[in-house]
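Subject: Structure handover

Hello,

I am passing on the structure we spoke about. The sequence and coordinates come first, and my notes follow.

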Amino acid sequence: MLQYFSPLHWLRWTGQFVYAWAISTPWHDAAKGIPAFLLMISLAVLGVVASSDGSTWRSDRVDQQFAKAWEADDFTTAELVIHRQLKERSDHPPLLFRLALTRDALDHRDEATELMRSLVIHRQHPPAARWLLTHLYAEGKWTQLESDQQAELGRILALLHQESPNDLGVKQLYADYFIATQRPTQAIPLLEQLAEVHPMQGLRAAAIARQANRETQAERLALRSLETVSKRWNEEPKNLGLALAVAQNQIFLRRHSDAVLTLQKAVSRVDKPEDSQVLQMAMGDTLLAWIADIEQAPEGIEKRQLQTLQLLQQALQVAPNSPRVLSVVVDRVLGLVDEKDAEISAVRDALIEGTSPGIAHFIQGTTAMIKDDTEKATMHLTIAAELMPNSAAILNNLAVAMSVREEADLEQALKLSQTAIKQVSLPSPHFYDTRGQILTKLQRYHEAIPDLERALSVPELAKNAHQSLAVCYEAIGEPELAAEHRAAGGEVKSEEKRERERREGETRRGGVGEN
């Protein structure tokens with residue numbers, strides 16, 4: 001009985017069984033069983049293949065069928081193939097992604113978009129995220145997006161950045177996204193990383209840090225950017241872009257004199273005249289930035305005025321054709337019309353002499369207009385308009401001067417005003433005020449009202465605009481609106497005078513109608 005519990009006995013009995021089975025087999029008839037044996041093997045292989053859709057052989061065959069259909073633009077067949085695969089693997093992300101692409105190819109963009117969104121939200125599928133980024137957010141107008149769209153874009157960029165942290169394109173888009181959605185400080189680490197390849201991104205990060213009152217971080221970033229671009233400029237001394245980059249970093253660090261010297265050195269290195277002109281324009285802008293920085297200093301007004309005028313004179317010498325420099329020159333000179341200090345007046349006069357003849361006449365004409373010398377203003381502005389016929393500001397001021405003369409040629413003044421407005425894409429309210437005042441004097445009240453309404457947005461124009469609007473509304477039979485504008489313009493009239501002007505307005509309207 002104990003022998004049944006012994007492993008040795010069981011091994012011996014098994015060996016005896018195998019030996020007896022082997023010698024009892026009719027091996028001389030074994031060939032007859034080969035077909036049956038092969039059939040069993042074939043059935044076993046087919047059973048395994050049929051029971052497993054994930055086998056390499058079957059998958060390859062289906063993938064080839066899909067590829068052929070896709071290459072032939074037979075998207076209907078491609079969709080059928082995908083649905084066949086999805087029956088076995090309904091939640092397989094690559095198959096769902098293929099299905100979305102196929103639906104899009106079949107002009108079902110909305111359905112494809114929803115499939116892609118589902119893959120991003122539930123499967124964290126990077127290819128679907130890239131598709132959404134390309135097809136929905138490629139234009140980059142992110143500030144115009146709704147809040148839910150901005151949130152979706154953030155998820156997409158976060159997923160792509162997580163998948164490819166070294167992808168510079170994604171990193172740049174992610175930084176731009178934070179800036180566009182009013183979260184610029186979150187872009188600083190990304191811009192710092194980008195600065196390793198594109199140094200000026202470091203300056204961009206520095207500017208954001210300064211806006212966030214992180215002055216220490218801003219200076220550190222700008223210094224690092226300056227060090228990198230300076231090294232590259234030394235390696236490529238004739239590179240215009242690198243020279244400008246060095247100067248920009250120095251301006252940010254408030255090293256304006258260094259920036260001017262950098263640009264002067266760059267001018268001596270470049271060969272092309274157009275590069276030299278770009279650098280001179282940049283030097284003028286640098287001096288303007290220096291002036292703006294000085295004006296924030298706590299020193300006395302007269303000391304600041306003299307220093308800024310001297311820098312402005314230097315800017316005019318290096319960049320006499322810079323519109324920005326000329327604009328500041330005109331503003332400063334006109335602002336010092338009544339200046340009594342001899343030294344400041346001398347620099348002011350030197351500025352006028354340093355400008356082109358057209359600008360000089362424009363300044364002198366506008367100065368005369370401020371002093372109510374309409375004859376002198378008209379003379380200088382007429383000359384300026386002949387020398388600079390494409391200057392809208394000159395034409396506008398000439399129109400003003402012509403309209404306030406004793407024997408005003410209002411029709412000619414109106415033509416000049418209209419030309420000035422047409423010459424600029426976004427006319428200033430001052431231009432509209434000029435035309436509105438002229439139209440009021442021509443008793444074309446309905447045309448004058450829209451222009452005068454535009455002028456109300458500028459405080460210095462508002463008083464006269466209100467008074468002219470009062471005249472216009474009175475003339476067209478709107479006494480309540482006229483009273484409102486008269487009160488806003490600080491003018492109160494008696495009932496008798498208002499009634500008299502109303503009757504005169506009706507008479508004038510009749511005359512205009514006859515013409």
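Contact here means heavy atoms within 4.5 Å. Please also keep in mind that this is a predicted model.

Overall

The protein has 27 helices and zero strands. Of its 515 residues, 39% count as buried. Taking contacts between residues at least 6 apart in sequence, 49% join residues at least 24 apart. The exposed surface comes to about 29,800 Å², and 54% of that is supplied by carbon and sulfur atoms.

Helix H12

I looked at H12 in some detail.

Which residues of H12 are buried? They are Gln217, Ala218, Leu221, Ala222, Ser225, Leu226, Val229 and Trp233. Viewed down the axis of H12, these buried residues fall within an arc of 165°, so they line one face of the helix. On the other side of H12, the exposed residues are Thr216, Glu227, Lys231, Asn234 and Glu235. The cover over the buried residues of H12 includes helices H10 (188-194), H11 (200-211), H13 (240-252) and H14 (256-269).

Two loop residues with positive phi

Asn213 is in the loop between H11 and H12. Its phi is positive, about 60°, although Asn213 is not a glycine. With a relative accessibility of 72%, Asn213 counts as exposed, because the cut-off for exposed is over 50%.

Gln443 lies in the loop between H23 (429-441) and H24 (445-455). Gln443 is not a glycine either, yet it has a positive phi of about 65°. Its relative accessible area is 27%, so Gln443 is partly exposed.

Largest pocket

The largest pocket has a volume of about 580 Å³. It is lined by 19 residues, and those closest to its centre are Val400, His430, Asp433, Thr434 and Leu461. Helices H21 (392-403), H23 and H25 (459-475) are the elements that give two or more residues to this lining. Which element supplies the largest share of the lining? That is H23, with seven residues.

Regards

Notes
Residues are numbered from 1 along each chain as its sequence is written. This is a predicted model: local features need pLDDT of at least 70, side-chain atom pairs count only at pLDDT 80 or more; totals for chains, interfaces and linings use all residues. Side-chain values use heavy atoms; hydrogens and water are left out. Helices (H or I, at least four residues) and strands (E, at least two) are DSSP runs, numbered from the N terminus. Buried means under 20% relative accessible area, exposed over 50%, partly exposed in between (1.4 Å probe, protein chains only). Accessible areas come from the Shrake-Rupley method with a 1.4 Å probe; for residues, only the protein chains shown count as cover. The arc is that of the directions from the helix axis to the C-beta atoms. On a 1 Å grid over the protein atoms alone, a cavity is a set of points where a 1.4 Å probe fits but cannot get out, and a pocket is an open set with protein on both sides within 12 Å along at least five of seven lines; lining residues have an atom within 4 Å of a point. Grid points are joined across faces, edges and corners, and a volume is the space filled by probe spheres set on the points.
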